Amino acid sequence: VPIRVFLAEDHAIVRKGVRALLATEPGIEVIGEAADGREAVAEVTRLRPDVTLMDLMLPEIDGIEAIRRLKQAGSTAKVVFLTVHDDPDFAQAAIAVGATGYVIKPRMASDLLPAIREVLAGRSFVSPTIAAEM
């Protein structure tokens with residue numbers, strides 16, 4: 001059974017890059033995308049992915065508010081935040097609202113697939129450069 005992934009990212013080029021990276025991995029299927037937080041909440045609620053990869057700074061509603069709304073709606077998807085913010089305070093805020101992963105975009109090529117696997121196994125994942133500062 002493939003891992004069903006949803007991608008919420010406002011920059012089309014980043015969405016394409018993440019989709020291309022995930023397409024090289026057997027057993028992972030991108031089931032949908034959103035360009036803003038409001039659309040992400042609606043689509044994740046509808047599609048019920050296993051993992052949601054979500055930009056922290058989305059238009060309409062940001063990733064933190066989106067995860068709050070998803071939790072209120074009963075979503076069981078694991079959320080991995082994708083962000084350029086390499087500040088441990090952002091990572092702690094993300095985890096505090098229920099994210100199980102935090103990947104900084106400059107490390108996506110090396111950290112994204114391990115993050116997906118770790119959160120599906122019930123563990124958390126934080127990009128090592130941030131984890132060392134936490």
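Predicted model: local features only at pLDDT ≥ 70, side-chain atom pairs only at ≥ 80, totals over all residues.
Which residues does R38 touch, not counting residues up to four places away in sequence? R38 touches E60, I61 and R69.

## The chain as a whole

The secondary structure of the chain comes to six helices and six strands. Read from the N terminus, the elements follow the order β-α-β-α-β-α-β-α-β-α-β-α.

The C-alpha atoms fill a box of roughly 35 × 30 × 30 Å along the principal axes. For 134 residues, a compact globule would have a radius of gyration near 14 Å, and the 13 Å of this chain agrees with that. Of the 134 residues, 47% are buried. The accessible surface amounts to about 6,400 Å², and carbon and sulfur atoms hold 53% of it.

Among contacts with a separation of 6 or more, 63% are between residues 24 or more positions apart.

Strands β1 and β2 pair in the parallel sense, with six bridges between them. In this pairing, A8 stands opposite A34 in β2. The path from β1 to β2 passes through α1, and this β-α-β crossover is right-handed.

Strand β5 covers residues 101-104. Its residues G101 and V103 point one way, while Y102 and I104 point the other way. All four of these residues are buried.

Strand β5 has parallel pairings with β4 and with β6. Strand β4, residues 78-83, runs parallel to β5 and is joined to it by four bridges. Here V80 stands opposite G101 in β5. Strand β6, residues 125-126, also pairs with β5 in the parallel sense, over two bridges. On this side, Y102 stands opposite V126 in β6.

## Salt bridges

Side chains of opposite charge can pair when their charged atoms come close. The structure holds 11 salt bridges.

| Salt bridge | N to O distance |
|---|---|
| E9 and K105 | 2.8 Å |
| E25 and R117 | 2.4 Å |
| E65 and R69 | 3.0 Å |

E9 and K105 form a salt bridge. This pair links distant parts of the chain, as E9 lies in the loop between β1 (3-8) and α1 (12-23), and K105 lies in the loop between β5 and α5, 96 residues apart. E9 has a relative accessibility of 0% and counts as buried. K105, at 16% relative accessibility, counts as buried too. E9 and K105 also belong to a network of salt bridges that includes D55.

E25 and R117 form another salt bridge. This pair also links distant parts of the chain: E25 is in the loop between α1 and β2 (28-34), R117 is in helix α5, and 92 residues separate them. R117 is partly exposed, with a relative accessible area of 39%.

E65 and R69 meet through their side chains in a salt bridge. Both are in helix α3 (residues 63-72), and because they are four residues apart there, about one helical turn separates them. E65 is partly exposed, with a relative accessible area of 27%. R69 is partly exposed as well, at 31%.

Where does R38 lie? R38 is part of helix α2, which covers residues 37-47. Is R38 buried, exposed or partly exposed? Its relative accessible area is 43%, so R38 is partly exposed: the value falls between the 20% limit for buried and the 50% limit for exposed.

Among the residues R38 touches is E60. R38 and E60 are 22 residues apart along the chain, yet their C-alpha atoms are separated by 6.0 Å. R38 also touches R69, the residue that pairs with E65 in a salt bridge. I61 is another of the residues in contact with R38.

Definitions and conventions. Residues numbered from 1 in each chain as written. Heavy atoms only, no water. Buried < 20%, exposed > 50% of the residue type's maximum accessible area, 1.4 Å probe, protein only. Pairing = 2+ DSSP bridges. Contact = heavy atoms within 4.5 Å. Salt bridge = Lys/Arg side-chain N within 4 Å of Asp/Glu carboxyl O. Rg over C-alpha atoms; globule rule 2.2 N^0.38 Å. Areas by Shrake-Rupley, 256 points an atom, 1.4 Å probe, with all protein chains shown as cover. Right-handed = clockwise from strand over helix to strand, strands pointing away.
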